Amino acid sequence: QVQLVQSGGGSEQVGGSLRLSCEVSGKTFRRDCMGWFRQSPGKEREPVALIYTSNALANYANSVKGRFIVSQDEATNTGYLQMNSLESEDSGMYYCALTGSTRCSWRPGDFAYWGQGTQVTVSS
């Protein structure tokens, strides 16, 4: 049984930083694609960042480029999303997900496994 367990998040002021973690169990972390998504009330779930776990190649949404950093630790099967220079628009529920294959996608529907979500609230 594949499980993604998220931790981190919480409340922070504008300009601050937060780090999210996503620990994977039940499958190998390698040769997969991990995505980070966020969703605000009344809005669709939007992609934030992707990372190919085979080579740690990362891609970012324009809205977070230069501020967020996605990384991984193969030894612990854990992915991370470091969020810096937070803006109020970054508030929302954040999810990590795996496609279950080496294929990466910006579409939530292409991801087979999801974390439980963690709330991020950025206030001024």
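I count a charge as over a ring if NZ of Lys or CZ of Arg is within 6 Å of the ring centre and within 35 degrees of the ring normal. I then found Arg45 over the face of Trp114 as well, at 4.8 Å from the ring centre.

**Ground rules**

I am working on a predicted model, where local features need pLDDT of at least 70, side-chain atom pairs count only at pLDDT 80 or more, and totals for chains, interfaces and linings use all residues. Residues are numbered from 1 along each chain as its sequence is written, and side-chain values use heavy atoms, with hydrogens and water left out.

**Entry 1: aromatic pairs**

I asked which residues the ring pairs link into a cluster. They are Phe37, Tyr95, Phe111 and Trp114. My rule: rings of Phe, Tyr and Trp (its six-membered ring) pair if their centres lie within 6.5 Å; planes under 30 degrees apart count as stacked, over 60 as edge-to-face and the rest as tilted. By this rule I get 4 aromatic pairs. Phe37 and Phe111 have ring centres 5.0 Å apart and planes at 80 degrees, so I log the pair as edge-to-face.

I placed both residues next. Phe37 is in strand β4 (residues 33-39), and Phe111 is in the loop between β9 (92-98) and β10 (113-114), so their pair ties together parts 74 residues apart in sequence. Strands here are DSSP runs (E, at least two residues), as helices are (H or I, at least four), numbered from the N terminus.

Phe37 also pairs with Trp114. That pair is tilted, with 5.1 Å centre to centre and 45 degrees between the planes. Phe37 is in β4 and Trp114 in strand β10, so this pair ties together parts 77 residues apart in sequence.

I then checked burial. Buried means under 20% relative accessible area, exposed over 50%, partly exposed in between (1.4 Å probe, protein chains only). Phe37 comes out at 0% relative accessibility, so it counts as buried. Phe111 is buried too. Trp114, at 26%, counts as partly exposed.

**Entry 2: disulfides**

How many disulfides does the structure hold? I find 2. The cut-off is a pair of cysteine sulfur atoms within 2.5 Å.

Cys22 and Cys96 form one of them, with sulfur atoms 2.0 Å apart. The torsion about their S-S bond is about 70 degrees, so I note this disulfide as right-handed. It links distant parts of the chain: Cys22 is in strand β3 (residues 18-25) and Cys96 in strand β9, 74 residues apart. Cys22 is buried, with a relative accessible area of 0%. Cys96 also counts as buried, at 0%.

Cys33 and Cys104 form a disulfide with sulfur atoms 1.7 Å apart. Their S-S torsion is about 90 degrees, so this one is right-handed. Cys33 is in strand β4 and Cys104 in the loop between β9 and β10, so the bond ties together parts 71 residues apart in sequence. Cys33 has 0% relative accessibility and counts as buried. Cys104 is buried at 16%.

I numbered the bonded cysteines of the protein chain in sequence order and read the pairing as 1-3, 2-4.

**Entry 3: the sheet around β8**

I traced an open sheet of 4 strands with antiparallel pairing, in the order β1-β3-β8-β7. β1 (3-8) and β7 stand at the edges with a single partner strand each, so one side of each has no neighbour in the sheet. The twist averages 15 degrees from one strand to the next; axes are lines fitted to C-alpha atoms, for helices over the stretch in contact, and angles run from 0 to 180 degrees between N-to-C directions.

I count two strands as paired if DSSP finds at least two bridges between them. β3 and β8 pair in the antiparallel sense over 6 bridges. Leu20 has Leu81 in β8 as its bridge partner, and Ser21 has Tyr80.

On to β7 (residues 68-73). It pairs with β8 in the antiparallel sense over 6 bridges. Asp73 stands opposite Thr78 in β8. The β7-β8 hairpin has 4 residues between the strands, and Asn77 takes a positive phi near 55 degrees there.

Why do I call β8 (residues 78-83) largely enclosed by the rest of the structure? Because 5 of its 6 residues are buried.
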